[in-house]
Amino acid sequence: MRLLNPKEQQTIINCLNQGEILILPTDTIYGLSGRVDAKLKVKINRLKQADQEKQLIILVNSLAMAESLVKTTPDSLSLLTSSEPTTVIYLSKTTPEQTLALRLVKRPDIQAIIDQTGPLYSTSVNVHHHPFLQTKKSLEEFDPSLQVFYVGELNGQPSRIYNSLTRKYER
(Lines give C-alpha, C1' and ligand atoms only; values in the text may rest on other atoms or scores of the structure.)
Protein backbone atom coordinates (compact mmCIF):
# COMPACT_ATOMS: atom_id res chain seq x y z
CA MET A 1 0.00 0.00 0.00
CA ARG A 2 1.34 3.40 -0.89
CA LEU A 3 0.66 6.69 0.82
CA LEU A 4 -0.81 9.68 -0.98
CA ASN A 5 1.98 11.98 -2.14
CA PRO A 6 2.08 15.67 -1.12
CA LYS A 7 0.60 16.84 -4.45
CA GLU A 8 -2.33 14.40 -4.11
CA GLN A 9 -2.81 15.46 -0.49
CA GLN A 10 -3.00 19.14 -1.48
CA THR A 11 -5.52 18.35 -4.25
CA ILE A 12 -7.64 16.41 -1.75
CA ILE A 13 -7.44 19.22 0.84
CA ASN A 14 -8.52 21.79 -1.77
CA CYS A 15 -11.42 19.61 -2.98
CA LEU A 16 -12.64 18.78 0.53
CA ASN A 17 -12.44 22.42 1.61
CA GLN A 18 -14.60 23.30 -1.41
CA GLY A 19 -17.27 20.86 -0.21
CA GLU A 20 -16.57 17.97 -2.55
CA ILE A 21 -17.09 14.30 -1.78
CA LEU A 22 -14.15 12.09 -2.74
CA ILE A 23 -13.26 8.42 -2.65
CA LEU A 24 -10.27 8.12 -0.33
CA PRO A 25 -8.26 5.31 1.21
CA THR A 26 -8.65 4.71 4.93
CA ASP A 27 -6.87 2.33 7.31
CA THR A 28 -9.35 -0.36 6.31
CA ILE A 29 -11.28 0.15 3.06
CA TYR A 30 -12.01 2.95 0.59
CA GLY A 31 -14.45 5.54 1.85
CA LEU A 32 -16.87 8.11 0.51
CA SER A 33 -15.35 11.05 2.30
CA GLY A 34 -16.23 14.67 2.89
CA ARG A 35 -15.94 17.30 5.58
CA VAL A 36 -18.30 16.92 8.52
CA ASP A 37 -21.25 18.99 7.36
CA ALA A 38 -24.99 18.22 7.44
CA LYS A 39 -25.42 18.87 3.71
CA LEU A 40 -22.57 16.53 2.82
CA LYS A 41 -24.01 13.84 5.08
CA VAL A 42 -27.25 14.01 3.07
CA LYS A 43 -25.32 13.83 -0.23
CA ILE A 44 -23.21 10.87 0.93
CA ASN A 45 -26.28 8.97 2.13
CA ARG A 46 -28.00 9.75 -1.18
CA LEU A 47 -25.01 8.32 -3.08
CA LYS A 48 -25.25 5.18 -0.93
CA GLN A 49 -29.06 5.06 -1.36
CA ALA A 50 -29.25 4.97 2.44
CA ASP A 51 -31.67 6.56 4.91
CA GLN A 52 -30.89 10.27 5.15
CA GLU A 53 -30.65 9.98 8.93
CA LYS A 54 -28.05 7.18 8.81
CA GLN A 55 -25.05 8.15 10.90
CA LEU A 56 -21.65 8.19 9.23
CA ILE A 57 -18.27 7.39 10.71
CA ILE A 58 -16.18 10.46 11.47
CA LEU A 59 -12.41 10.21 11.03
CA VAL A 60 -10.27 12.22 13.44
CA ASN A 61 -6.49 12.52 13.59
CA SER A 62 -5.93 12.92 17.32
CA LEU A 63 -7.42 12.12 20.69
CA ALA A 64 -7.70 15.88 21.28
CA MET A 65 -9.89 16.20 18.18
CA ALA A 66 -12.03 13.29 19.39
CA GLU A 67 -12.40 14.87 22.83
CA SER A 68 -13.49 18.15 21.24
CA LEU A 69 -16.43 16.37 19.57
CA VAL A 70 -17.66 13.74 22.02
CA LYS A 71 -17.96 12.81 25.69
CA THR A 72 -15.17 10.30 26.28
CA THR A 73 -13.95 8.01 29.00
CA PRO A 74 -10.38 6.72 29.45
CA ASP A 75 -11.50 3.20 28.48
CA SER A 76 -13.23 4.31 25.31
CA LEU A 77 -10.28 6.52 24.32
CA SER A 78 -7.93 3.55 24.59
CA LEU A 79 -10.10 1.70 22.06
CA LEU A 80 -9.47 4.49 19.53
CA THR A 81 -5.71 3.90 19.82
CA SER A 82 -6.04 0.12 19.51
CA SER A 83 -3.84 -1.54 16.88
CA GLU A 84 -7.03 -3.01 15.40
CA PRO A 85 -9.06 -0.32 13.58
CA THR A 86 -11.93 0.48 15.91
CA THR A 87 -14.82 2.89 15.56
CA VAL A 88 -16.30 4.01 18.86
CA ILE A 89 -19.82 5.38 19.30
CA TYR A 90 -20.04 8.27 21.77
CA LEU A 91 -22.48 10.95 22.87
CA SER A 92 -21.95 14.24 21.08
CA LYS A 93 -20.70 17.15 23.18
CA THR A 94 -22.83 19.70 21.31
CA THR A 95 -26.04 17.68 20.93
CA PRO A 96 -26.22 15.37 23.98
CA GLU A 97 -29.00 13.15 22.61
CA GLN A 98 -27.04 12.54 19.40
CA THR A 99 -24.39 9.87 19.01
CA LEU A 100 -21.27 10.16 16.87
CA ALA A 101 -19.12 7.29 15.64
CA LEU A 102 -15.41 8.19 15.63
CA ARG A 103 -12.32 6.43 14.39
CA LEU A 104 -8.76 7.64 14.92
CA VAL A 105 -6.92 7.45 11.59
CA LYS A 106 -3.52 5.76 11.59
CA ARG A 107 -2.52 6.61 7.98
CA PRO A 108 -0.13 9.61 8.13
CA ASP A 109 -1.35 10.93 4.77
CA ILE A 110 -4.98 11.06 5.89
CA GLN A 111 -3.90 12.50 9.26
CA ALA A 112 -2.15 15.33 7.38
CA ILE A 113 -5.28 15.96 5.30
CA ILE A 114 -7.46 16.12 8.43
CA ASP A 115 -4.99 18.65 9.88
CA GLN A 116 -6.06 20.98 7.06
CA THR A 117 -9.77 20.09 6.74
CA GLY A 118 -10.95 19.08 10.18
CA PRO A 119 -12.79 15.80 10.83
CA LEU A 120 -14.06 13.86 7.84
CA TYR A 121 -17.06 11.69 7.18
CA SER A 122 -16.01 8.37 5.73
CA THR A 123 -18.27 5.46 4.90
CA SER A 124 -17.75 2.43 2.72
CA VAL A 125 -18.11 2.92 -1.02
CA ASN A 126 -21.21 0.91 -1.88
CA VAL A 127 -24.94 1.00 -2.20
CA HIS A 128 -26.35 0.51 1.32
CA HIS A 129 -26.57 -3.21 2.25
CA HIS A 130 -24.36 -4.24 -0.70
CA PRO A 131 -20.71 -5.34 -0.51
CA PHE A 132 -18.19 -2.53 -0.31
CA LEU A 133 -16.11 -1.82 -3.41
CA GLN A 134 -12.35 -2.36 -3.51
CA THR A 135 -11.04 -2.47 -7.06
CA LYS A 136 -9.99 0.68 -8.89
CA LYS A 137 -12.48 -0.04 -11.67
CA SER A 138 -15.45 -0.61 -9.33
CA LEU A 139 -14.59 2.53 -7.31
CA GLU A 140 -14.40 4.62 -10.50
CA GLU A 141 -17.70 3.18 -11.75
CA PHE A 142 -19.57 3.77 -8.47
CA ASP A 143 -20.20 7.39 -9.43
CA PRO A 144 -18.08 8.68 -12.31
CA SER A 145 -18.47 12.27 -11.06
CA LEU A 146 -16.41 11.48 -7.93
CA GLN A 147 -12.63 11.67 -7.88
CA VAL A 148 -10.99 8.43 -6.78
CA PHE A 149 -7.62 8.47 -5.04
CA TYR A 150 -6.55 4.86 -5.46
CA VAL A 151 -3.41 3.69 -3.66
CA GLY A 152 -3.72 -0.05 -4.25
CA GLU A 153 -5.42 -2.83 -2.39
CA LEU A 154 -6.26 -2.12 1.24
CA ASN A 155 -6.76 -4.70 4.00
CA GLY A 156 -10.39 -5.11 3.02
CA GLN A 157 -11.83 -5.43 6.51
CA PRO A 158 -14.09 -2.70 7.88
CA SER A 159 -13.32 -1.48 11.39
CA ARG A 160 -14.91 -3.08 14.38
CA ILE A 161 -17.55 -0.90 16.05
CA TYR A 162 -17.80 -0.43 19.82
CA ASN A 163 -20.72 1.36 21.45
CA SER A 164 -19.38 3.18 24.52
CA LEU A 165 -22.97 3.69 25.77
CA THR A 166 -23.95 0.01 25.82
CA ARG A 167 -20.34 -1.16 26.31
CA LYS A 168 -20.78 -3.75 23.57
CA TYR A 169 -19.29 -4.43 20.16
CA GLU A 170 -21.79 -3.94 17.37
CA ARG A 171 -19.46 -5.33 14.71
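The model is predicted. Its largest pocket holds about 590 Å³ of space. The largest nonpolar core has 46 residues. The count of aromatic pairs is two.

**Largest pocket**

- The lining of the largest pocket is made up of 29 residues.
- Lys54, Ile57, Thr123, Ile161 and Arg171 are the lining residues nearest the centre of the pocket.
- By class, the lining splits into 10 nonpolar, 14 polar and five charged residues.
- Four strands each supply at least two lining residues: strand 2 (30-35), strand 5 (86-92), strand 6 (99-104) and strand 7 (120-124).
- Strand 6 gives the most to this lining, with four residues.

**Nonpolar core**

- Within the largest nonpolar core, the residues that touch the most other members are Ile12, Leu32, Leu102 and Ile113.
- What does Leu102 contact once neighbours within four places in sequence are left aside? The partners are Ile58, Val60, Ala66, Leu69, Val70, Leu80, Thr86, Thr87, Val88 and Tyr90.

**Aromatic pairs**

- Two aromatic pairs are counted in the model.
- Tyr30 and Tyr150 form a stacked pair, because their ring centres are 5.3 Å apart and their planes meet at 10°. The cut-off for stacked is under 30 degrees.
- Is Tyr30 buried or exposed? Tyr30 has 2% relative accessibility, so it counts as buried.
- Tyr150 has 25% relative accessibility, so it counts as partly exposed.
- Tyr162 and Tyr169 make an edge-to-face pair, with 5.0 Å centre to centre and 65° between the planes. The cut-off for edge-to-face is over 60 degrees.
- Tyr162 counts as buried because its relative accessibility is 14%. The limit for buried is under 20%.
- Tyr169 is partly exposed, at a relative accessible area of 43%.

- Gln49 has a phi near 55°, a positive value in a residue other than glycine.
- Where is Gln49 placed? Gln49 lies in the loop between helix 2 (38-48) and strand 3 (57-60).
- Gln49 counts as exposed because its relative accessibility is 59%. The limit for exposed is over 50%.
- Arg167 also has a positive phi without being glycine, with a value near 60°.
- Arg167 is found in the loop between strand 9 and strand 10 (168-169).
- The relative accessible area of Arg167 is 66%, so Arg167 is exposed.

- Ser78 is part of helix 4 (residues 74-80).
- Ser78 is partly exposed, with 42% relative accessible area.
- How many residues apart in sequence are Ser78 and Ser145? They are 67 residues apart in sequence, and the C-alpha to C-alpha distance in space is 38 Å.

Key: Residues numbered from 1 in each chain as written. Predicted model: local features only at pLDDT ≥ 70, side-chain atom pairs only at ≥ 80, totals over all residues. Heavy atoms only, no water. 1 Å grid on protein atoms, 1.4 Å probe; cavity = no way out; pocket = protein on both sides within 12 Å on 5 of 7 lines; lining within 4 Å. Points joined across faces, edges and corners; volume = space filled by probe spheres on them. Nonpolar A, V, L, I, M, F, W, Y, C, P; charged D, E, K, R; others polar. Core = buried A, V, L, I, M, F, W, Y, C linked by side-chain atoms within 4.5 Å. Buried < 20%, exposed > 50% of the residue type's maximum accessible area, 1.4 Å probe, protein only. Contact = heavy atoms within 4.5 Å. Phe/Tyr/Trp six-rings, centres within 6.5 Å; stacked < 30°, edge-to-face > 60°.
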